[in-house]
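Biologist: Please put the model up, and then I will ask about its charged pairs and its helix packing.

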Amino acid sequence: MVRLVHAFPSLRTSAATVAIASLAGADPTTALRLGLAMLGIQCSIGALNDLVDEPDDARQKPRKPIPSGLVSRRVATLIAVGGGTLGIVLSAPSGLATVGAGIGCASLGYLDDLRRPRTVRSCLPRCGARP
């Protein structure tokens, strides 16, 4: 499960969100909530990435969670949908602009996951999705 959600980059981006929110004046509870929102969104993006890459991974990286059978496509789909939903719900108490930022970041991550073939320009959505 840890590999499915791309744990290191997800945690790194979530920690950056907590730090940025704190520097912007958010109280600790709000900063943590926004970090958890970002974690949900990042886990969603990571799960979608593995779902999209599964056919290639089956040939090139058979030990990845979905091709190896450690995680089913159904569970990965639930994580992708649930993580994104959780992220947006946790963003809501901070206002419409924050929800919009969460949806924007998630959308850029999803666009990066779904872009095929991978090209030099395909990294642009990823660059825009980072806090």
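Modeller: A salt bridge here is a side-chain nitrogen of Lys or Arg within 4 Å of a carboxyl oxygen of Asp or Glu. Bear in mind that this is a predicted model.

Biologist: By this rule, how many salt bridges does the count come to?

Modeller: Side chains of opposite charge can pair when their charged atoms come close. By the rule, the count comes to four salt bridges.

Biologist: Is Asp57 buried or exposed?

Modeller: Buried means under 20% relative accessible area. The relative accessible area is 14% for Lys64, so Lys64 is buried. Asp57 has a value of 5%, so Asp57 counts as buried.

Biologist: Which helices hold Arg73 and Glu54?

Modeller: Arg73 counts as partly exposed because its relative accessibility is 42%. The pair ties together parts that are 19 residues apart in sequence, so the helices that hold Arg73 and Glu54 are α4 and α2.

Biologist: Leaving aside neighbours within four places in sequence, with which residues is Arg63 in contact?

Modeller: Arg63 is found in the loop between α2 and α3. At 70% relative accessibility, Arg63 counts as exposed. Beyond its neighbours within four places in sequence, Arg63 is in contact with Arg3 and Ser68.

Biologist: Are α2 and α5 roughly parallel or antiparallel to each other?

Modeller: Helix α2 (residues 28–60) and helix α5 (residues 96–114) pack with their axes 9 Å apart, at an angle of about 20°. Angles under 35 degrees count as roughly parallel. Helices α2 and α5 are therefore roughly parallel.

Biologist: How do the residues of the contact of α2 with α5 divide?

Modeller: The crossing of α2 past α5 is right-handed. Among the α2 residues in the contact are Leu34, Met38 and Ile41, while the α5 side includes Cys105, Ala106 and Asp113. The residues of this contact divide into ten nonpolar, five polar and one charged.

Biologist: What of α4 and α5: are they roughly parallel or antiparallel to each other?

Modeller: The axes of α4 and α5 are 8 Å apart, and the angle is about 155°. Angles over 145 degrees count as roughly antiparallel. Helices α4 and α5 are therefore roughly antiparallel.

Biologist: Which residues of α4 meet α5?

Modeller: The crossing of α4 and α5 is right-handed. On the α5 side, the contact is made by Thr98, Val99, Gly102, Ile103 and Tyr110. The residues of the contact divide into five nonpolar, four polar and no charged. From α4, the residues that meet α5 are Ala80, Gly84, Ile88 and Ser91.

Conventions
Residues numbered from 1 in each chain as written. Predicted model: local features only at pLDDT ≥ 70, side-chain atom pairs only at ≥ 80, totals over all residues. Heavy atoms only, no water. Axes fitted to C-alpha atoms, helices over the stretch in contact; angles between N-to-C directions. Helix = DSSP H or I, 4+ residues; strand = E, 2+ residues; numbered from the N terminus. Parallel < 35°, antiparallel > 145°, perpendicular 65-115°, else oblique. Left-handed = near helix turned anticlockwise from the far one by under 90°. Contact = heavy atoms within 4.5 Å. Nonpolar A, V, L, I, M, F, W, Y, C, P; charged D, E, K, R; others polar. Buried < 20%, exposed > 50% of the residue type's maximum accessible area, 1.4 Å probe, protein only.
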